[in-house]
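Hi everyone, thanks for coming. Today I'd like to walk you through one structure, starting with a pair of helices and then moving on to salt bridges. Please have a look at the picture first.

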Amino acid sequence: MKNKIQNHFVSFDKIFYLQKEGEFQNDFLFKQATMELGLSPIFDYQMSFLKNQEKYYIFLTHIKNLNKNSFSYPQPLIFQALFYEKFIEQENFAVLVFDENFTFLCFYKKGKLNGVKNIPQFSLKDILEKNESQRKDLFSQILFEQGRVFELFKYNQSEILISFCDAFGFGEFLSQKTLKTHIKLENLIPENALENLSIFSHKYLDSNANFIKKEKSQMKFYIKSLISFLAFYLATLIFLTLSSYPQYKQNINTKQSNENLTNELLELDLKTKLLNEELEKLNATFKENSMTLQKNEEFLQNLSQNFYPDKNRILILVEMIEILNQNSIKISFLGLENKELKLIFNDKENLDKALNFFENQTRFKILQKDESNYHLILGYDNG
């Protein structure tokens with residue numbers, strides 16, 4: 001059934017997505033989108049887009065993902081039919097789709113697409129690998145922390161969440177935490193939900209949303225147009241050769257200059273965007289380093305107030321701090337008591353780096369670890 005469904009829409013994992021604001025010609029929009037996404041060669045891709053006022057929701061996919069049907073839409077666009085076909089009454093809604101290897105969230109305002117968010121490390125496969133407690137922690141992180149799902153719900157004024165393939169009850173968890181209404185798509189459309197929505201969508205989407213581009217002209221008209229074009233071209237060529245070749249050449253040079261200028265502007269726009277992204281990363285790094293410095297100052301102040309001078313204890317702490325700095329391991333707490341060093345790390349990545357380092361140490365031995373809370377207790381050899 002999966003292959004049959006994919007005959008009518010292109011799955012989220014096979015599309016590239018971005019948003020742009022302004023007014024663009026289709027060809028220019030395609031060139032700029034492929035350039036920003038780094039897709040090459042560009043003519044191996046097809047574009048689909050939905051325009052709402054001056055905002056473009058743009059999707060691109062490789063031509064190998066398309067079929068011989070008359071229409072094929074990006075998966076996020078098919079859910080608009082939920083409102084238009086009156087499966088739901090709310091015009092502001094969200095759709096959360098789980099798959100074995102990916103999960104994405106879409107928001108709709110007044111029945112139309114208003115944003116798409118990929119949620120990494122939250123697929124059915126990722127959730128299956130966790131126990132009950134870890135799943136609840138992950139759900140909270142997605143809803144309130146790095147996933148920012150609750151914040152996006154408020155921003156988009158979503159009245160209802162519709163989930164698909166929600167095998168682990170995230171929708172129910174969200175409903176309990178936010179008092180939002182939750183409905184499973186399988187309850188609204190019991191059979192072939194995605195395929196049916198794709199078919200329903202056809203009458204609500206224009207040709208720009210269709211990945212499959214069709215020629216509308218008839219053969220006779222094509223032949224007549226070709227003959228007319230050749231005749232006009234020959235006449236124009238003769239005319240330019242006899243009377244206006246210098247002006248023609250100047251026009252060609254002007255056109256080439258304009259094309260070069262357009263390409264330079266596109267490259268400049270892309271470079272500006274990359275510089276802005278780098279600036280945001282630098283600001284984030286600066287903020288993180290500032291917070292780390294503040295934590296270190298608080299830690300040292302606390303240590304100076306509560307730590308009783310002892311030469312051996314000081315040497316052990318200094319040695320441990322040097323090891324952490326040399327291996328770029330960040331901590332939020334370091335304590336020494338009864339010949340045991342207690343460390344609390346900022347995140348799992350820093351905990352994993354520490355575990356890899358201390359597993360092969362003879363000076364320091366791992367006595368106890370708590371990976372869920374990023375805790376590690378070490379014993380040490382005084383000799």
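Let's begin with α5 and α7, which are oblique to each other; that word covers angles that are not under 35 degrees (roughly parallel), not over 145 (roughly antiparallel) and not 65 to 115 (roughly perpendicular). Before the details, a word on the source: this is a predicted model, where local features need pLDDT of at least 70, side-chain atom pairs count only at pLDDT 80 or more, and totals for chains, interfaces and linings use all residues. Residues are numbered from 1 along each chain as its sequence is written, and side-chain values use heavy atoms, leaving out hydrogens and water.

Helices (H or I, at least four residues) and strands (E, at least two) are DSSP runs, numbered from the N terminus. How do α5 and α7 cross? The axes of α5 (residues 132-144) and α7 (residues 170-178) come within 11 Å and cross at roughly 60°. Those axes are lines fitted to C-alpha atoms over the stretch in contact, with angles from 0 to 180 degrees between N-to-C directions.

Which residues of α5 and α7 make the contact? Contact means heavy atoms within 4.5 Å. On the α5 side you'll find Phe139 and Leu143, among others, and on the α7 side the residues include Phe170 and Phe173.

Now to the salt bridges: a side-chain nitrogen of Lys or Arg within 4 Å of a carboxyl oxygen of Asp or Glu. How many salt bridges are in the whole structure? The search finds nine. One of them joins Lys51 and Glu23, at 2.8 Å from N to O. This pair links distant parts of the chain, 28 residues apart: Lys51 sits in strand β3 (residues 45-52), and Glu23 in the loop between β2 (16-21) and α2 (26-37).

Are these two side chains buried or exposed? Buried means under 20% relative accessible area, exposed over 50%, and partly exposed in between (1.4 Å probe, protein chains only). Lys51 has 33%, so Lys51 is partly exposed, whereas Glu23, at 52%, counts as exposed.

Asp352 and Lys348 have their closest N and O atoms 3.1 Å apart, and both lie in helix α12 (residues 348-358), four residues apart, about one turn of the helix. Asp352 is partly exposed at 28%, and Lys348 is partly exposed at 40%.
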